[in-house]
Amino acid sequence: MSRIGKLPVQIPEKVNVVVDGSLVSVKGPKGELSLTVRPDVTVEVKGSEVVVTRHDDEKLSKSYHGLYRQLINNMIVGVSAGFQKVLLINGVGYRAEVKGDVLTLNLGYSTQIEYMIPQGIKIEADGPAKLTVSGIDKAQVGKVAAEIRSLRGPEPYKGKGIKYEDETIRRKVGKSGGKK
């Protein structure tokens, strides 16, 4: 049995989980999320827990068992607490600014980059060199943070670029100065 899939998901107060056939809906103080579950697994609400069970021991069913349990857990955490990723911008003249639903980035290119913030995501610029990406959908928060980071990834010599707050950059030594 899947070590992750067999664990029940606790439902906190103020969160409502509804299972309607293959559709799982989670509603909480921060918003509402829904997920369509494949027929290989069954989702049930038992008291204050969500239990995911599989129908057989085929390899595909085993993999979906743990996957859907974790996706439902992420939905419950998202509508109750939310998710966030912090990005740090390092470099001379590199900065970010949020105006409405547009993130404007100066990253050393000849033009500014304007990134349209998707629906359901909130981006805050905590100073010119720190961005906080937050939302209720863990996958969407991670995707937006990865897209912003990919605009100017950190380079290994001076560390210039956009990196995650908890990321460490492996630094390289540059060229030595003179000839011998």
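Me: Two strands pair if DSSP finds at least two bridges between them. With that in mind, which residue in β12 is the bridge partner of Glu 124?

Reply: The partner of Glu 124 is Thr 132. For the labels, helices (H or I, at least four residues) and strands (E, at least two) are DSSP runs, numbered from the N terminus. Please keep in mind that this is a predicted model, where local features need pLDDT of at least 70, side-chain atom pairs count only at pLDDT 80 or more, and totals for chains, interfaces and linings use all residues. Residues are numbered from 1 along each chain as its sequence is written, and side-chain values use heavy atoms, with hydrogens and water left out.

Me: Good to know. How many bridges join β11 to β12?

Reply: Five, with β11 (residues 121-125) and β12 (residues 130-135) running antiparallel. The two strands make a hairpin with four residues between them. In its turn, Gly 127 has a positive phi of about 85°.

Me: Which residue has a positive phi although it is not a glycine?

Reply: Lys 14, at about 70°. Most residues other than glycine have a negative phi. You'll find Lys 14 in the loop between β1 and β2 (16-20).

Me: Is Lys 14 buried or exposed?

Reply: Exposed, because its relative accessible area is 73%. The cut-offs are under 20% for buried, over 50% for exposed, and partly exposed in between, using a 1.4 Å probe and protein chains only.

Me: Let's zoom out. How many helices and strands does the protein chain have?

Reply: There are two helices and 13 strands. The radius of gyration is 21 Å, well over the 16 Å that the globule rule gives for 180 residues, so the chain is more spread out than a compact globule. That radius is taken over C-alpha atoms, and the rule is 2.2 Å times the number of residues to the power 0.38. Along the principal axes, the C-alpha atoms fill a box of roughly 70 × 45 × 25 Å.

Me: And what percentage of the 180 residues is buried?

Reply: Buried residues make up 37%. The accessible surface comes to about 11,300 Å², and 50% of that belongs to carbon and sulfur atoms. Those areas come from the Shrake-Rupley method with a 1.4 Å probe, and for residues only the protein chains shown count as cover.

Me: Back to strands. What is the order of the open sheet of three strands?

Reply: The order is β1-β6-β5, with antiparallel pairing. β1 (9-10) and β5 (41-46) are the edge strands, each pairing on one side only. Two bridges join β1 to β6 (residues 49-54), and Gln 10 stands opposite Glu 49 in β6.

Me: Which helix packs on the sheet?

Reply: That's helix α1 (residues 59-80), which touches β1, β5 and β6, and its direction makes about 165° with that of β6. Axes are lines fitted to C-alpha atoms, for helices over the stretch in contact, and angles run from 0 to 180 degrees between N-to-C directions.

Me: I've got Val 77 selected. Where does Val 77 lie, and what is Val 77 in contact with, leaving aside its neighbours within four places in sequence?

Reply: Val 77 lies in helix α1. Beyond those neighbours, Val 77 is in contact (heavy atoms within 4.5 Å) with Gly 82 and Phe 83. With a relative accessible area of 31%, Val 77 is partly exposed.

Me: Now electrostatics. How many salt bridges does the structure hold?

Reply: Eight. Each is a side-chain nitrogen of Lys or Arg within 4 Å of a carboxyl oxygen of Asp or Glu. One of them pairs Lys 46 with Glu 44, with the closest N and O atoms 3.7 Å apart. Lys 46 counts as partly exposed at 48% relative accessibility, and Glu 44 also counts as partly exposed, at 33%.

Me: What does Glu 147 form a salt bridge with?

Reply: Lys 143, with the closest N and O atoms 3.6 Å apart. Glu 147 is partly exposed at 29%, while Lys 143 is exposed at 53%.

Me: And how far apart are the closest N and O atoms of Glu 167 and Arg 149?

Reply: They are 2.7 Å apart, in another of the salt bridges. This pair links distant parts of the chain, as Glu 167 is in the segment after β13 (161-164) and Arg 149 in helix α2, 18 residues apart. Arg 149 is partly exposed, at 22% relative accessibility.
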